[in-house]
Amino acid sequence: SAASGDMIDIAGEGLGPEPGEVLIQIDGLDLQAEIYGWYDLGVHIKLPSLPLAVETEADIVIVRGDGAVSNPVQIKVIPAKRPVTPPPAPVK
């Protein structure tokens, strides 16, 4: 599992030298992940930032530069942690 907006590595093989795209399929939507590294044996991506309230199942699909599509990889996307801000100081 990974949080919405997290950077993750996906291992594979035969992805080729030409970057393609990485799709996150969640709740009937195909969202593109930002690619930070494309290698023959894996990709380094950033998951899209999503306003999730609960943990959600998703599939990751890698489309090679030549258009070949990988089998989906299942992942649980958890809501991003929000920074805790202190309450405002009382007004005197």
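Analyst: Please do, and bear in mind throughout that this is a predicted model.

User: Why is S4 called buried?

Analyst: S4 has a relative accessible area of 6%, and the word buried applies under 20%, so S4 is called buried because its value falls under that cut-off. As for its place, S4 is found in the loop between β1 and β2 (7-11).

User: What does the side chain of S4 reach, and which residues does S4 touch?

Analyst: The side chain of S4 reaches the backbone oxygen of P48 at 3.2 Å, and since a polar contact requires N or O atoms within 3.5 Å, that distance meets the cut-off. Leaving aside residues up to four places away in sequence, S4 touches P48, S49, L50, V77, I78 and A80.

User: What makes the pair E55 and K76 a salt bridge?

Analyst: The side chains of E55 and K76 meet at 3.9 Å, N to O, and the limit for such a nitrogen and a carboxyl oxygen is within 4 Å, so the pair counts as a salt bridge. This pair links distant parts of the chain, 21 residues apart, with E55 in the loop between β6 (42-46) and β7 (56-63) and K76 in strand β8 (residues 73-78).

User: How many salt bridges does the structure hold?

Analyst: The structure holds two salt bridges, and one of them joins the side chains of D66 and R64 at 2.6 Å, N to O. D66 counts as exposed at 55% relative accessibility, because exposed means over 50%, whereas R64, at 29%, is partly exposed.

User: Why are β1 and β4 said to stand at the edges?

Analyst: Five strands form an open sheet in the order β1-β8-β7-β3-β4, with mixed pairing. Within it, β1 (2-3) and β4 (29-32) each have a single partner strand, so one side of each is left without a neighbour in the sheet. Strand β3 (residues 21-26) pairs with β4 in the antiparallel sense over four bridges, and I26 stands opposite L29 in β4.

User: Where is D27, and what makes D27 exposed?

Analyst: D27 lies in the loop between β3 and β4, and its relative accessible area of 66% is over 50%, so the term exposed applies. D27 also has a positive phi of about 50°, although it is not a glycine.

Definitions and conventions: Residues numbered from 1 in each chain as written. Predicted model: local features only at pLDDT ≥ 70, side-chain atom pairs only at ≥ 80, totals over all residues. Heavy atoms only, no water. Pairing = 2+ DSSP bridges. Helix = DSSP H or I, 4+ residues; strand = E, 2+ residues; numbered from the N terminus. Buried < 20%, exposed > 50% of the residue type's maximum accessible area, 1.4 Å probe, protein only. Polar contact = N/O pair within 3.5 Å; in protein donor to acceptor, adjacent residues only side chain to side chain. Contact = heavy atoms within 4.5 Å.
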